[in-house]
Amino acid sequence: MDDVVYDRAGRGEPLVLIHGIGHRRQAWAPVFPLLTAHRDVIAVDLPGFGESPEPSGGYGIEPALVMFKQLCTDLGLDRPHVAGNSLGGLLSLALGQAGLVRSVTALSPAGLWNRTQKMYAIATLKAHRALAQRTPPHVVRRIAASASGRRALTGMIVGRPELQAPETVVEDAHALATAPGFEPTAAQSRGDFRFTGPVTGVPVTIAWAERDRILARPRLADLRKVAPHGVFRLLPGCGHVPMNDDPELVAGVLLDGSR
């Protein structure tokens, strides 16, 4: 199997955490210590992101499912709970649909969009990546030193940029700029790609960030088509990547969703 880098700690039933496109496993750092007293937590770097090398089997949902099955075998996990944000939320729903997990918690998942919403989301993320690639690290560090600078750099991504540590902003920008998996993953969304489900047979929670400026919140009727028996929640005050905005709230959602 491709060498997938992960952090693992805690006790209890296993819970795998999957980040979004251009991000890394450290996206879960604010909630990780709030989960480990209750779950065996595994935060992964998807292949081609963070410290994980590019996958030998290519990008997309099917290769990700193959990777996940092998990872579970290697780690001795029997149908773990799974939670994901953005791309990770989409993959979590796909894992639930495939019957590979005990429960699914998806935070502002990708794929539940119409064509216009998808084009906007991908274009916005590509613009962020281009900015990260063109801005030298020392300049990012200088801008990130102030709350107003962090708001300028990450205000589209998070709801409360002032809560971010400057070094986290710098490291996240580097991860976004250098991830070899970004373009091939974004290319998977060509055409009219949508995840329509349904995800049945496992508990599903879909939680949407109130201040999400990347992905539009679907109508409740559309969410029910994806997860007919799902639980749907709003994350007040949170942006597209909500873990840093309100760690206690997000940790509570993850624990509730994986009971």
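Student: At the start of helix 4, which residue has a side-chain oxygen reaching the backbone nitrogen of Thr116?
Tutor: Bear in mind that this is a predicted model, where local features need pLDDT of at least 70, side-chain atom pairs count only at pLDDT 80 or more, and totals for chains, interfaces and linings use all residues. Residues are numbered from 1 along each chain as its sequence is written, and side-chain values use heavy atoms, with hydrogens and water left out. Helices are DSSP runs of H or I with at least four residues, strands are E runs of at least two, and both are numbered from the N terminus. The oxygen comes to within 3.1 Å of that nitrogen, and it belongs to Asn114.

Student: How far apart are the end C-alpha atoms of helix 4?
Tutor: Helix 4 covers residues 115–134, which is 20 residues. The expected span is 1.5 Å times one less than the number of residues. That calls for 28 Å, and the model agrees, because the end C-alpha atoms are apart by 28 Å.

Student: Which helices do the buried residues of helix 4 pack against?
Tutor: Buried means under 20% relative accessible area, with exposed over 50% and partly exposed in between (1.4 Å probe, protein chains only). In helix 4 the buried set includes Lys118, His128 and Arg129, along with Ala121, Ile122 and Leu125. Contact here means heavy atoms within 4.5 Å. The partners are helix 6, helix 7 (166–178) and helix 8 (182–187).

Student: How are helix 4 and helix 7 oriented to each other?
Tutor: Their axes, lines fitted to C-alpha atoms over the stretch in contact, sit 8 Å apart at about 105°, with angles running from 0 to 180 degrees between N-to-C directions. Under 35 degrees counts as roughly parallel, over 145 as roughly antiparallel, 65 to 115 as roughly perpendicular and the rest as oblique. So helix 4 and helix 7 are roughly perpendicular.

Student: How many charged residues are in the contact of helix 4 with helix 7?
Tutor: His128, Arg129, Ala132 and Gln133 of helix 4 meet Ala173, Leu176, Ala177 and Thr178 of helix 7. Ala, Val, Leu, Ile, Met, Phe, Trp, Tyr, Cys and Pro count as nonpolar, Asp, Glu, Lys and Arg as charged, and the others, Gly among them, as polar. By class there are 4 nonpolar and 3 polar residues, and the charged count is 1.

Student: What about helix 2 and helix 3: how many nonpolar residues are in their contact?
Tutor: Helix 2 (residues 61–75) packs on helix 3 (residues 87–97) at about 70°, with axes 10 Å apart. That makes the two roughly perpendicular. Ile61, Ala64, Leu65 and Phe68 of helix 2 touch Leu90, Leu91, Ala94 and Leu95 of helix 3. None of these is polar or charged, and the nonpolar count is 8.

Student: Which backbone nitrogen does the side chain of His19 reach?
Tutor: His19 lies in the loop between strand 2 and helix 1, and at 0% relative accessibility it counts as buried. A polar contact is a pair of N or O atoms within 3.5 Å; within protein, one must be able to donate a hydrogen and the other to accept it, and residues adjacent in sequence count only if both atoms are side-chain atoms. At 3.0 Å, the His19 side chain reaches the backbone nitrogen of Leu46.
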